Amino acid sequence: MNQICCLNPDCYNPSLPGTTNFCLNCGVPLVILKNRYRPIKPLAGGSFGKTYLAEDTGKLNEKCVIKQLAPQTQNSYALKKAKKLFEQEAKQLKELKHPQIPQLQAYFDEDNCLYLIQDFIEGNNLLEELANQGTFNEPKIQALLLNLLPVLKEVHSRNIIHRDIKPENIMRRNDGKLFLIDFGASKQLQGTMRIGTKIGTFGYASLEQMEDREVYPASDLFSLGVTCFHLMTGVYPENLWNRQGFSWVKEWRKHLRNSVSPELGAILDKLLELEYEDRYHSAEAVLRDLKSPASPVVRRTAFYQSIPVVQETVPYQTTSSPNPRLSQSKAKTNFSLPGFLLIVVLVLLVGGLIIVVIGHNMFGNKNQKLTKPDTSITSY
């Protein structure tokens with residue numbers, strides 16, 4: 001049976017049978033937006049509006065998302081700002097054609113509320129995944145970066161800064177594909193924000209964002225680095241920020257449950273630089289470092305793997321042998337240059353002594369018979 005829910009922002013929006021005409025909680029008439037989009041249940045809510053799961057009756061009841069702008073404020077500036085951001089999100093979603101960004105389906109005004117209809121991503125956000133599956137290991141973090149950085153590269157190429165990257169705004173669809181959502185805080189790369197218009201999330205937002213300065217691609221990359229930190233440690237950055245400000249970013253490793261490789265550690269160090277000038281300036285630069293085989297550890301490993309010798313003769317491999325005694329016993333059978341030289345020296349010394357003795361016997365004692373055995377020789 002079809003369901004429908006109330007769109008009254010002041011209601012808790014219970015799901016009701018599709019034949020119901022009025023909300024049983026608040027009494028407001030139940031509506032299908034544009035006679036097409038049927039709200040089914042609320043997904044999330046905030047001070048400026050709510051999000052609902054819906055069905056598009058014009059597409060065989062295909063699922064979609066309704067974003068409703070209904071600010072709970074009487075502040076005229078806040079209302080104006082909220083409407084501007086909502087309209088901006090709609091325009092940017094229309095412009096951003098990327099397979100990992102939910103696409104805009106419609107944007108309209110109805111009953112004094114603004115609505116935005118976009119694709120529904122069936123899955124969980126990464127904060128939910130963290131709660132359900134535990135902290136991310138290094139391969140999972142690398143996969144996250146490799147999947148999400150191309151999306152950011154496309155966003156930034158349009159001169160758009162997301163400004164609110166965090167685990168809640170990254171969705172993993174049921175097939176494993178990652179999506180970047182919620183562009184409500186995004187802005188064009190031009191000018192600066194007015195004082196008092198901070199947008200983002202404490203702990204994830206960069207220093208320049210918190211100080212109401214101009215934002216850059218590097219601002220999103222800082223938030224991405226913080227997101228990786230949160231997923232690796234389970235530690236909420238907002239809690240650290242409340243106690244320590246931005247000082248925690250220099251000591252992020254002490255919160256790790258498992259160590260990370262030098263390569264990934266160096267990338268996170270650069271993502272988490274306090275000053276934007278010291279960070280990566282583009283998603284492409286981060287991708288290059290992630291994919292680069294030029295790091296010292298990678299080069300050293302490749303060099304040793306290319307040498308066609310028995311493993312026990314490679315110093316760094318024999319020290320990590322699972323059976324040290326076995327390695328030592330095998331090493332005894334290997335060719336030894338110092339031992340060979342010692343044998344050569346001994347042979348030469350013995351040969352010299354033999355020649356001296358023979359010469360003495362032949363020429364030093366004329367009365368001695370040459371056929372007499374020399375026991376001193378046989379003693380060697």
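Predicted model: local features only at pLDDT ≥ 70, side-chain atom pairs only at ≥ 80, totals over all residues.
Residues are numbered from 1 along each chain as its sequence is written. Local features need pLDDT of at least 70, and side-chain values use heavy atoms, without hydrogens and water.

**Stop 1: the core.** Select I141, L144, L149, I170, L180, L221 and W252. These have the most contacts inside the largest nonpolar core, which has 57 residues. Such a core is a set of buried (under 20% relative accessible area, 1.4 Å probe, protein chains only) Ala, Val, Leu, Ile, Met, Phe, Trp, Tyr and Cys residues joined through side-chain atoms within 4.5 Å. A separate second core of 14 residues includes L33, Y52, A54 and I66.

**Stop 2: α3 and α5.** Select helix α3, residues 138-157, and helix α5, residues 217-233. Helices here are DSSP runs (H or I, at least four residues), numbered from the N terminus. The pair packs at about 160°, with axes 11 Å apart. That makes α3 roughly antiparallel to α5 (angles over 145 degrees). Now show the contact (heavy atoms within 4.5 Å). Among its residues are I141 and L144 of α3 and L221 and L224 of α5. By class, the contact has 12 nonpolar residues, one polar and one charged.

**Last stop: L221.** What does L221 touch, leaving out residues up to four places away in sequence? Its partners include L149, L152, A283 and V286.

Key:
Buried < 20%, exposed > 50% of the residue type's maximum accessible area, 1.4 Å probe, protein only. Axes fitted to C-alpha atoms, helices over the stretch in contact; angles between N-to-C directions. Helix = DSSP H or I, 4+ residues; strand = E, 2+ residues; numbered from the N terminus. Parallel < 35°, antiparallel > 145°, perpendicular 65-115°, else oblique. Nonpolar A, V, L, I, M, F, W, Y, C, P; charged D, E, K, R; others polar.
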